[in-house]
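Morning, everyone. Please have the sequence and the 3D view ready. I'll keep this short.

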Amino acid sequence: MKKIAILPLSLIIFGTACSSDNDNVDSTLPTICEAGEQTCPTDCYECLRGESIDFCYTFTDDIELGNFNIEIHNNFDHHTHSTSSVECELNEKKSAVNAWVYNQDYSIPDGLTTYTPNISIVIPTNIDTGDYHFMIRLTDKAGWQQLRSVAIKVVG
């Protein structure tokens with residue numbers, strides 16, 4: 001009989017010892033927020049070869065931000081990433097000759113819950129013009145990730 005009483009008591013103690021303070025567990029995705037009138041780029045944004053894109057979004061998280069990545073790749077085949085309901089007019093499908101590929105990781109200073117990076121991305125002069133995706137991946141310290149895909153067009 002004593003063995004039966006000890007087993008439930010040990011399970012209760014073990015369960016209590018393994019529990020954690022759920023108030024400090026990050027279970028919320030970070031947020032990529034538009035920065036009002038200064039938001040750039042936005043869907044259907046047109047930019048010129050040789051000029052730059054002044055990136056302007058604000059990142060937020062309930063506990064702590066981690067890092068972010070910006071990737072730019074062609075959309076000459078009209079694929080989608082389905083993060084926007086905006087439909088931009090697309091050029092005809094085509095094969096890439098010298099498509100722009102940009103992929104850069106950026107760190108966010110430790111301890112921040114809000115961050116607005118100041119980044120200017122120069123558009124190469126010798127790339128194919130046409131439809132591109134501007135991808136923003138934001139990760140918080142806990143590893144949760146938010147994605148935003150913006151359709152842009154490189155002209156002239």
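Start with Y57. Its relative accessible area is 1%, so Y57 is buried. Keep in mind that this is a predicted model.

What does Y57 sit beside? One partner is F55: the two ring centres are 5.5 Å apart. The planes meet at 35°, so we call this pair tilted. F55 is buried as well, because its relative accessibility is 3% and the cut-off for buried is under 20%.

Now widen the view. Ring pairs join F55, Y57, F59, F68, Y106 and F134 into a cluster. In the whole structure there are nine aromatic pairs.

Here is another of those pairs: F76 with Y132. Their centres are 5.4 Å apart, and the planes stand at 75°. That is edge-to-face. Where do these two residues come from? F76 is in the loop between β5, residues 65-74, and β6, residues 102-107. Y132 is in strand β9, residues 130-140. So the pair ties together parts that are 56 residues apart in sequence.

Are they buried or exposed? F76 has 3% relative accessibility, so it counts as buried. Y132 has a relative accessible area of 0%, so Y132 is buried too. F76 has a further neighbour. K94 lies over the face of the F76 ring, 4.6 Å from the ring centre.

Next, the sheet. Let's go back to Y57, which is in β4. Which residue stands opposite Y57? It is E34. Strand β4 covers residues 57-60, and it pairs with β1 over four bridges, in the antiparallel sense.

Three strands make up this open sheet, in the order β1-β4-β7, with antiparallel pairing. The edge strands are β1, residues 31-34, and β7, residues 114-115. Each of those edge strands pairs on one side only.

Last topic: empty space. Rolling a probe the size of a water molecule over the atoms shows where such space is left. The largest pocket holds about 260 Å³. It is lined by 17 residues, and the closest to its centre are H79, T80, V86, H133 and A151.

Which strand gives the most to that lining? Strand β10, residues 145-155, with three residues. And what kinds of residue line the pocket? Ten are polar, five are nonpolar and two are charged.

To recap: Y57 is buried, Y57 stands opposite E34, and Y57 belongs to the ring cluster.

Note on methods: Residues are numbered from 1 along each chain as its sequence is written. This is a predicted model: local features need pLDDT of at least 70, side-chain atom pairs count only at pLDDT 80 or more; totals for chains, interfaces and linings use all residues. Side-chain values use heavy atoms; hydrogens and water are left out. On a 1 Å grid over the protein atoms alone, a cavity is a set of points where a 1.4 Å probe fits but cannot get out, and a pocket is an open set with protein on both sides within 12 Å along at least five of seven lines; lining residues have an atom within 4 Å of a point. Grid points are joined across faces, edges and corners, and a volume is the space filled by probe spheres set on the points. Helices (H or I, at least four residues) and strands (E, at least two) are DSSP runs, numbered from the N terminus. Ala, Val, Leu, Ile, Met, Phe, Trp, Tyr, Cys and Pro count as nonpolar, Asp, Glu, Lys and Arg as charged, and the others, Gly among them, as polar. Two strands pair if DSSP finds at least two bridges between them. Rings of Phe, Tyr and Trp (its six-membered ring) pair if their centres lie within 6.5 Å; planes under 30 degrees apart count as stacked, over 60 as edge-to-face and the rest as tilted. Buried means under 20% relative accessible area, exposed over 50%, partly exposed in between (1.4 Å probe, protein chains only). A charge sits over a ring if NZ of Lys or CZ of Arg is within 6 Å of the ring centre and within 35 degrees of the ring normal.
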